[in-house]
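Here is a short tour of a structure, starting from a single residue and moving out to where two chains meet. Have the model open as you read.

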Amino acid sequence: MSLSIKDDEIDIVIGALRPDLTSFMNEWRTIFSRFHLIIVKDPDLKEELKIPEGLNLDVYKKPDIDRVVGTSTSTIFSGYSCRYFGYLVSRKKYIISVDDDCYPAKDNKGILVDAVAQHITNLTTPATPFFFNTLYDPFTEGADFVRGYPFSLRSGVQCALSCGLWLNLADYDAPTQALKPEERNSRYVDAVLTVPARTLMPISGINIAFNREVIGPALLPSLRLGGEGKFRWETMEDIWSGMCVKVVCDHLGLGVKTGMPYVWRNDRGDAIASLRKEWEGVKLMEEVVPFFQSVRLSREATTTEDCVAEVANVVKEQLGSKDPMFARAAKAMVDWVKLWKSVGSSTSSPGA
Amino acid sequence: MADPATISPSTLLKDELDIVIPTIRNLDFLEMWRPFFQPYHLIIVQDGDPSKAIKVPEGFDYELYNRNDINRILGPKASCISFKDSACRCFGYMVSKKKYIYTIDDDCFVAKDPSGKDINALEQHIKNLLSPSTPFFFNTLYDPYRAGADFVRGYPFSLREGVPTAVSHGLWLNIPDYDAPTQLVKPLERNTRYVDAVMTIPKGTLFPMCGMNLAFDRELIGPAMYFGLMGDGQPIGRYDDMWAGWCTKVICDHLGWGVKTGLPYIWHSKASNPFVNLRKEYKGIYWQEELIPFFQSVTLPKDCTSVQKCYIEIANQVKAKLGKVDDYFNKLADAMVTWIEAWDELNPSGASKSSDLPNGPSK
């Protein structure tokens, strides 16, 4: 029941943390080929990117990033955060973003999952954050609102963010994966559901899509762990960003969905080796979660930019003194809003 | 004695769980459930004409209550138990002496999972109730305590112990639990989607609780499971479980317990008449527009430390705030208080532990 979306309203943004994207692109080709791709190379990656022919794409490397935002600012796009540069320079309405170690998954019937189509369906059908529907997404084929669901809430709200999941290597933290080295996620849960208003969750950056026009500035690179590394186990940047996004969406009355589509995430990295680095992130969450649960934005914050600026302020006031990492994150959020206003909203076309 | 081949881990709880079934017709459906239900004690609540004899299939251990029994046991307080509506089932919760309750409708049968295997719904409910809930932060891989799943990156370790689970809300394949308007618009829609997930409904979020396939920890939350005044002589029907669900969720949120939804599925075979349903639900459809904001804004004071105290407080607020919507809510608020009085009479504190009491009548 989604509106007909034109392919040219969509950008697919891929952060390249590894140089050889040949098999990645070839596996995704049938799904990606209709769309424009933005590939952003991790500025720390030294090797040349290898990308197969035949796709409609723009590649941004360190020199391009430097040119657009300046050499001092380009450091914020290091590692997994390079994808945010793609969000910044895109001019499309919808963005779909997957990590470069993820491949198309198969559903329970063995059919290849078109993750792009599912994300777009999620974003273009309403979300229902104010009351839980026990049959999950009421707008999907074969389902509906159940008895007892208030009629006034059945039109739903606009969905701003679609969070997908992962088969095989699930997005576990290093301690969990180290404890269960053989565990792989083989459970395909055939559902999409709206995350209720004021409920927070860890929003993983591995497989997401969003309405850039509505929520763009709220996906931001700001929290950087001291020991942040090149495996997801060694980062919290997306979790932090996701908390901000959810708080902003709740305040603005926008919806966030979770569930399908699944991607197949390849084995990569050594959880035990990452343990040392990620303890920092694990400890941080003890502060971060209660903090975001308590954030309340003012009535005057009516745009996404305003909301992000307010969150940044509260971060600075309440968390800044606890750890310099938070003070830096708050500043990064303020800088991001400025950057978004100057680069992200302008009508100039991105460099080649 | 159960055949050793059919003993499953869940029969370990066979002395701690009662199955409550409201019925007005017959209990033929129990034949299909026999392999899963036979080890357990049943409480049958017979609605409608008490002179009709309800035949219970051979081999089940049960107690049966009809309207005469309800009147005899509760006296004047019997007014809080609905007549000619499956809401009467909550009488079964009140007279049970077990820790857990599973309630199921008599048109619900054993479903099959995608591999074709029969689903032991009771076993799944028990697993749900015996493992913690996680209402304070949503886990994107759903129930982290299930085999093959865990907490995702970013989930604080301090929240990974979870809280006790008070309610396990199961779902239905085939005839979905739609309201009358939806049934009228989509009479042929069948739920064929098996969603392989159990999840905790987050704190602060309300949901429509269906009583067709429901289990709960009676010792924890029993007094909140009052199914209201419905049916004969009442202006509304088909909102009994909804009412209990909203009260229960508010109280669980206040006392720090969890409510799970998702698996298990049962096979719901009978679609009730949508025109009859519409007449029953009609007022509810309007009233729920007031009821939802009411329940979303209920706050319980800190000194409401027991379920009964919480429930009485909600009853007072119902009277104060919903009495003006319709006089029905004044009567309902009174009935809620009567229910708690009756509950406490039948379940004096200290006697609610079930382990010492033998099972009911012999087979």
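## A buried asparagine

Let's begin inside chain A of this predicted model. Asn207(A) has a relative accessible area of 0%, so it counts as buried, the cut-off being under 20%. You will find Asn207(A) in strand E8, which covers residues 207-211 of chain A.

## Where the chains meet

Now zoom out to the two chains. Chain A brings 59 residues to the contact and chain B brings 61. Between them they bury about 4,900 Å², with 57% of that area on carbon and sulfur atoms.

How many salt bridges cross the interface of chain A and chain B? The rule finds 10. In one salt bridge, the side chain of Arg147(A) meets that of Asp177(B), at 2.9 Å from N to O. Polar contacts between chain A and chain B come to 27 residue pairs, counting pairs with both residues at pLDDT 80 or more.

## The chain A side

Several elements of chain A each supply at least two residues to the side that touches chain B: strands E6 (159-168) and E9 (255-265), along with helices H5 (174-179), H7 (237-252) and H8 (271-294). H8(A) gives the largest share, 6 residues.

By class, this side of chain A holds 32 nonpolar, 13 polar and 14 charged residues.

Terms used. Residues numbered from 1 in each chain as written. Chains lettered and ligands numbered in written order. Predicted model: local features only at pLDDT ≥ 70, side-chain atom pairs only at ≥ 80, totals over all residues. Heavy atoms only, no water. Contact = heavy atoms within 4.5 Å. Buried area = accessible area lost by both parts, 1.4 Å probe. Salt bridge = Lys/Arg side-chain N within 4 Å of Asp/Glu carboxyl O. Polar contact = N/O pair within 3.5 Å; in protein donor to acceptor, adjacent residues only side chain to side chain. Helix = DSSP H or I, 4+ residues; strand = E, 2+ residues; numbered from the N terminus. Nonpolar A, V, L, I, M, F, W, Y, C, P; charged D, E, K, R; others polar. Buried < 20%, exposed > 50% of the residue type's maximum accessible area, 1.4 Å probe, protein only.
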